[in-house]
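Dear colleague,

I am passing on the structure below for you to look through.

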Amino acid sequence: MTTDLRDNNHGQIEETDFHPKSAVEELAEQTNPKAPSRRNKNFLISMYHALKGIFLVVIRERNMRFHLSFAFFILVLGLYLGLNRSEWLWVVIAVFLAVYGEFLNTVVEAVVDLVVERKYHPLAGLVKDVSAGMVLVAVGAELIILALIFQPHIWHYFGIETNFSRFVHRLKG
Ligand SMILES: Nc1ncnc2c1ncn2[C@@H]1O[C@H](COP(=O)(O)OP(=O)(O)OP(=O)(O)O)[C@@H](O)[C@H]1O
């Protein structure tokens, strides 16, 4: 995180903490006011734009790369520990909850920057903070679900026997 100087709308300059440019900020700088607005002409073009959106967030948002690296680790751990089908279902829901939250957060950041034209505004800060809080809640839910799913398997792996870990392991056959 770096520091940035911003006008606080009262003629004073405040020092605020900011990360280096995010995907949203870089795109905001590339805006060409003279470019005509274009609409998607067919399904394939719509798909292309949707995939471009996913690609942009994955490549340029550090937090998204963290979520995906974590998801990959969970995938490997799940395969190694031999989760069953219904456990995978919960793992997928948990992982996508956090990833989806990150997508929403990126959208919120972009819209806020668009509305305030990247100038300082307390409400813009509030919206971004609440949006970041939403991601945190989603990650909290993800971690709780993953802990509930993986705990009996990890216990069993380390030879810690509880009624539940025995029950889950028996389900695996
Ligand atoms: N226009 C603004 N006016 C006031 N405060 C802002 C503004 N933009 C950002 N902030 C404050 O700076 C914080 C960081 O904003 P920023 O846009 O850099 O998000 P970020 O840290 O890159 O988020 P993420 O890590 O989720 O991508 C916000 O949570 C908010 O408190």
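Read from the N terminus, the elements of the protein run β-β-α-α-α-α-α-α, which amounts to 6 helices and 2 strands. Please keep in mind throughout that this is a predicted model. Of the 173 residues in the protein, 13% are buried, and among the contacts between residues at least 6 apart in sequence, 58% join residues at least 24 apart.

Helix α2, which covers residues 43-60, has 18 residues and reaches 25 Å from its first C-alpha to its last, close to the 26 Å expected at 1.5 Å a residue. This helix is hardly covered, since the count of buried residues among its 18 residues is 1. Helix α3, in turn, has 20 residues and reaches 29 Å between its first and last C-alpha atoms, close to the expected 28 Å. Just after α3, Gly-82 takes a positive phi of about 70°.

The packing of the helices comes next. The axes of α3 (residues 62-81) and α4 (residues 85-116) come within 9 Å and cross at roughly 175°; because an angle over 145 degrees counts as roughly antiparallel, α3 is roughly antiparallel to α4. On the α3 side, the contact is made by Asn-63, Met-64, His-67, Ala-71, Ile-74 and Gly-78, and on the α4 side by Trp-88, Val-91, Val-95, Ala-98, Val-99 and Glu-102.

The residues of the contact of α4 with α5 divide into 22 nonpolar, 3 polar and 5 charged.

Which residues make up the largest nonpolar core? It consists of 9 residues in all, namely Leu-83, Val-91, Ala-94, Val-95, Ala-98, Val-99, Val-135, Ala-138 and Ile-149. Both α4 and α5 supply at least two residues of this core, and the largest share, 5 residues, comes from α4. As background, nonpolar side chains in soluble globular proteins tend to be buried together.

Glu-117, which lies in the loop between α4 and α5, has a positive phi of about 50° although it is not a glycine. Arg-118 lies in the loop between α4 and α5 as well, and Arg-118 has a positive phi of about 60°, again without being a glycine. Arg-118, with 15 other C-beta atoms within 10 Å, is partly exposed.

Finally, a word on Gly-125, whose place is in helix α5.

With kind regards

Conventions: Residues numbered from 1 in each chain as written. Predicted model: local features only at pLDDT ≥ 70, side-chain atom pairs only at ≥ 80, totals over all residues. Axes fitted to C-alpha atoms, helices over the stretch in contact; angles between N-to-C directions. Helix = DSSP H or I, 4+ residues; strand = E, 2+ residues; numbered from the N terminus. Parallel < 35°, antiparallel > 145°, perpendicular 65-115°, else oblique. Contact = placed C-beta atoms within 7 Å. Expected span 1.5 Å × (residues − 1). Nonpolar A, V, L, I, M, F, W, Y, C, P; charged D, E, K, R; others polar. Core = buried A, V, L, I, M, F, W, Y, C linked by C-beta atoms within 7 Å. Buried ≥ 20, exposed ≤ 12 C-beta atoms within 10 Å, placed from the backbone.
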